[in-house]
Amino acid sequence: MIQKIVKSETSELTSKLFGSFDSNVKALESAFGVNIQNRSAESGDAILVSGEEDSVNNATKAVEFLKRDNVAIRAIFHAFCHAKSYSE
């Protein structure tokens, strides 16, 4: 099991990433088989992704993609496809 940290500059961005009632995070956790948690960091928030190495790498790519896409709900599907295409 490994862990990776994705930095989030603001708590507002983290909130958007997690979604209403953590719906975005639950979808990512289910799709990639990982655990995602929010942690406070010195400069913003830290999103901790943990699980098996390949799954964590793909989920981290998806979270980074969501950050760039301003976390549009439809982006979850695209993030999943984007991350999967790198692992194949």
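In what order do the elements of the protein run from the N terminus on? The order is β-α-α-β-β-α-α. That gives four helices and three strands. Before going further, please keep in mind that this is a predicted model, and that the values I quote are computed from it.

Some overall numbers. The protein has 88 residues, and 40% of them are buried. Its accessible surface comes to about 5300 Å², and carbon and sulfur atoms account for 49% of that surface. As for contacts, take those with a sequence separation of 6 or more: 56% of them are between residues 24 or more positions apart.

Now the salt bridges. Side chains of opposite charge can pair when their charged atoms come close. With a cut-off of 4 Å between a side-chain nitrogen of Lys or Arg and a carboxyl oxygen of Asp or Glu, the count here is three.

I will begin with Glu9 and Lys67, whose closest N and O atoms are 3.8 Å apart. Are the two partners buried or exposed? Glu9 is exposed, at 54% relative accessible area. Lys67 has a relative accessibility of 16%, and because the limit for buried is under 20%, Lys67 counts as buried.

Lys67 has another partner, Glu64, again with 3.8 Å between the closest N and O atoms. Both residues are in helix α3, three residues apart, which is about one turn of the helix. Glu64 is partly exposed, at 30% relative accessibility. Taken together, Glu9, Glu64 and Lys67 form a network of salt bridges.

The remaining pair to mention is Lys16 and Glu12, with an N to O distance of 3.6 Å. These two are four residues apart in helix α1, so about one helical turn separates them. Lys16 counts as partly exposed, with 44% relative accessibility, and Glu12 as exposed, with 53%.

Last topic, the space inside. Rolling a probe the size of a water molecule over the atoms shows where empty space is left. How many cavities of 30 Å³ or more does a search of the whole structure find? The search finds one. The largest cavity holds about 40 Å³ of space.

Which residues line the largest cavity? They are Leu17, Phe18, Val25, Leu28, Ile36, Ile47, Val63 and Leu66. Three helices, namely α1, α2 (residues 23-32) and α3, each supply at least two residues of this lining. By residue class, the lining divides into eight nonpolar, no polar and no charged.

To go back over the main points: the protein has four helices and three strands. There are three salt bridges, and Glu9, Glu64 and Lys67 are linked in a network. The lining of the largest cavity contains eight nonpolar residues and no charged ones. That is what I have for today.

Terms used
Residues are numbered from 1 along each chain as its sequence is written. This is a predicted model: local features need pLDDT of at least 70, side-chain atom pairs count only at pLDDT 80 or more; totals for chains, interfaces and linings use all residues. Side-chain values use heavy atoms; hydrogens and water are left out. Buried means under 20% relative accessible area, exposed over 50%, partly exposed in between (1.4 Å probe, protein chains only). Contact means heavy atoms within 4.5 Å. Accessible areas come from the Shrake-Rupley method with a 1.4 Å probe; for residues, only the protein chains shown count as cover. On a 1 Å grid over the protein atoms alone, a cavity is a set of points where a 1.4 Å probe fits but cannot get out, and a pocket is an open set with protein on both sides within 12 Å along at least five of seven lines; lining residues have an atom within 4 Å of a point. Grid points are joined across faces, edges and corners, and a volume is the space filled by probe spheres set on the points. Ala, Val, Leu, Ile, Met, Phe, Trp, Tyr, Cys and Pro count as nonpolar, Asp, Glu, Lys and Arg as charged, and the others, Gly among them, as polar.
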